[in-house]
Amino acid sequence: MADIYISGHRNPDMDSVCAAYSYAYLKNKLDPTNTYIPVRCGNLNETTKAQFERIAVTPPAFIKDVRSRVSSVTRTPKTVLQTTDPVYNLVSFYGKATQSSVIPILEGAEYRGLLSVDEVSSFVLLENNGTRPIYHFVPDNFPKVLRGKFLRKGELDSFDAPIMVGAMRYTVFCKHMEALVDQKPILVVGDREDHIRKAVEMQIPAIVLTGLEHGLTSQVDFSSYKGTVFVSEGDTAETLRLLRLTIPVTQLISTNPPKIQDDTLFDEAKAILAESEFRGLPVFSGETWKGFITRRCFLERPRTKLIMVDHNEPEQSVPGIEEAEVVEIIDHHRLGAAKTRQPIYIRCEPLGSTCTIIYNLFTRSNVAIPESLAKVMLSGIVSDTIMLKSPTTTFEDFTAVQDLCALANIPDMVRFGERMFSSGASLAKEDPRKMLEADFKQYEEFGVRFGIGQCEVTTLSDLEDYREAYLKELEQLKRAYGLSWAMFLITDVVREHSVLLMTPMQGFERKLVYIKQADETFSLPKVLSRKKQLLPEILRVLGE
């Protein structure tokens, strides 16, 4: 099962958002083996936001990009160790065939560190660095590693001590024990009464008895002894070997590796790990531990699966699309799609709205359309065809609107559309930059980079209240985007009339067939469509 995102274009309009929402619903019905998630790669304009609130459905969530991130390669551990677990458990893990080069260390459910075979090697090397090693012992770990039982448990739950073996003559033994008075040792000894009595007298922290096949014969009174006495079933050499491995795994954690957030970019995390000394790094979501990554995680880049709706050109799509795997395209614009690695499903039809294409897919798949979804698709079609007045409108758009009105219990499409468009922001009251970018598309033809924004209004009577401000901001927008020409089409959907604002473009403005109304301002009677009416005229002028 995979998560597959469905996204419209940048600066999403109504049709783009409604298409993503509707197609995700259809795909989830037809393909339950995957999860289809509708998203948007820009802010909702006021009209779209108000319409979704009116229909009482949640619009697609915002997604910043579809670049590969650490969350796609984070490993959830099958094996974890607790902070109190003995090192023996860690060594045993690496003694078996394993797919993981690190093991997480937890305290309850809280992350405390990562350990690898490197830490085991460091532990062994540290034992042989020329000084007598001091170990941190936890008596409760003795029976977890050593076969045996407690004769008595002492007062200390843990202690630091070197290891002493009682194999030497008693006088020599006493000399060595007294030399360790400042760091009392743990004693590993056989059934030697004098040695044991001396250990009890010195109140060393623990005594491990070995070779007691028939029980302890030494007559030793342990009643005053405050330490631990453990009887090992192994011989002295085996007991010594395993005793070192009873220390808790936390003693091997010397340095914590840097934490990686799960939204870190794939390449960034790869570089951090490559430059570090660690075999793996922990992954967090905020302060919550999610898992870990190792070098093996970066052998192959994961690709986010994406369905493009209401557009097909990568330049208009969600950022990071070059790292994604496009699996479908549903659109009604000119084709400018990038190459794909594998054959994909493309449905591109010259209809007035992408939602019309999606509605036809519902009917052909015989999938029922609930009332709220019918309203969503109807909104997309009515918006993109400007209440079926746009020259891009086809017979199929009319048919889809008629059917969706019935399913949505909408008796009057015109009233539905006028109410929807009236929810739009007032150009005079809104921030010019925000409105210019709300539905702004960029193009490059004949060596010229240009952009056209569009906004639908219900009146142009207040044009002079904001015209100068928008022209000024349009010039700033042109420079910010590195364009040669920037335009803004303001469309009165009630009177079917548009006004075109533009930045100066000497030698080209005068070639336009439109009526010049004022400086950088043109009147466009009966022009409603940017795609079918305005764009062809701009391309004609550039071509000439």
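Methionine 168 lies in the loop between strand 10 (163-165) and helix 6 (170-179), where helices (H or I, at least four residues) and strands (E, at least two) are DSSP runs numbered from the N terminus. With a relative accessible area of 22%, methionine 168 is partly exposed, a class that falls between buried, under 20% relative accessible area, and exposed, over 50% (1.4 Å probe, protein chains only). Apart from residues up to four places away in sequence, methionine 168 touches Phe173, His176, Arg192 and His195, contact being defined as heavy atoms within 4.5 Å. Between methionine 168 and isoleucine 253, which are 85 residues apart in sequence, the C-alpha to C-alpha distance is 35 Å. The structure is a predicted model, in which local features need pLDDT of at least 70 and side-chain atom pairs count only at pLDDT 80 or more, whereas totals for chains, interfaces and linings use all residues. Residues are numbered from 1 along each chain as its sequence is written, and side-chain values use heavy atoms, with hydrogens and water left out.

When residues up to four places away in sequence are not counted, threonine 356 touches Leu351, Ile381, Glu396, Asp397 and Ala400.

Helix 13 (residues 413-421) packs with helix 11 (residues 371-384) at an angle of about 80 degrees, the axes being 10 Å apart; axes are lines fitted to C-alpha atoms, for helices over the stretch in contact, and angles run from 0 to 180 degrees between N-to-C directions. Helix 11 and helix 13 are therefore roughly perpendicular to each other, given that angles under 35 degrees count as roughly parallel, over 145 as roughly antiparallel, 65 to 115 as roughly perpendicular and the rest as oblique. On the side of helix 11, Lys375, Leu378, Ser379, Val382 and Ser383 meet Met413, Phe416, Gly417, Met420 and Phe421 of helix 13. This contact comprises six nonpolar, three polar and one charged residue, where Ala, Val, Leu, Ile, Met, Phe, Trp, Tyr, Cys and Pro count as nonpolar, Asp, Glu, Lys and Arg as charged, and the others, Gly among them, as polar.

Helix 13 also meets helix 2 (residues 46-55), and the two axes come within 9 Å and cross at roughly 125 degrees, so that helix 2 and helix 13 are oblique to each other. Here Thr47, Gln51 and Arg54 in helix 2 meet Phe416, Arg419, Met420 and Phe421 in helix 13, and the contact divides by class into three nonpolar, two polar and two charged residues.

For the chain overall, 16 helices and 25 strands are assigned. The radius of gyration, taken over C-alpha atoms, is 37 Å, whereas a compact globule of 544 residues would have one near 24 Å, the globule rule being 2.2 Å times the number of residues to the power 0.38. Along the principal axes, the C-alpha atoms fill a box of roughly 115 × 50 × 45 Å. Of the 544 residues, 51% count as buried.
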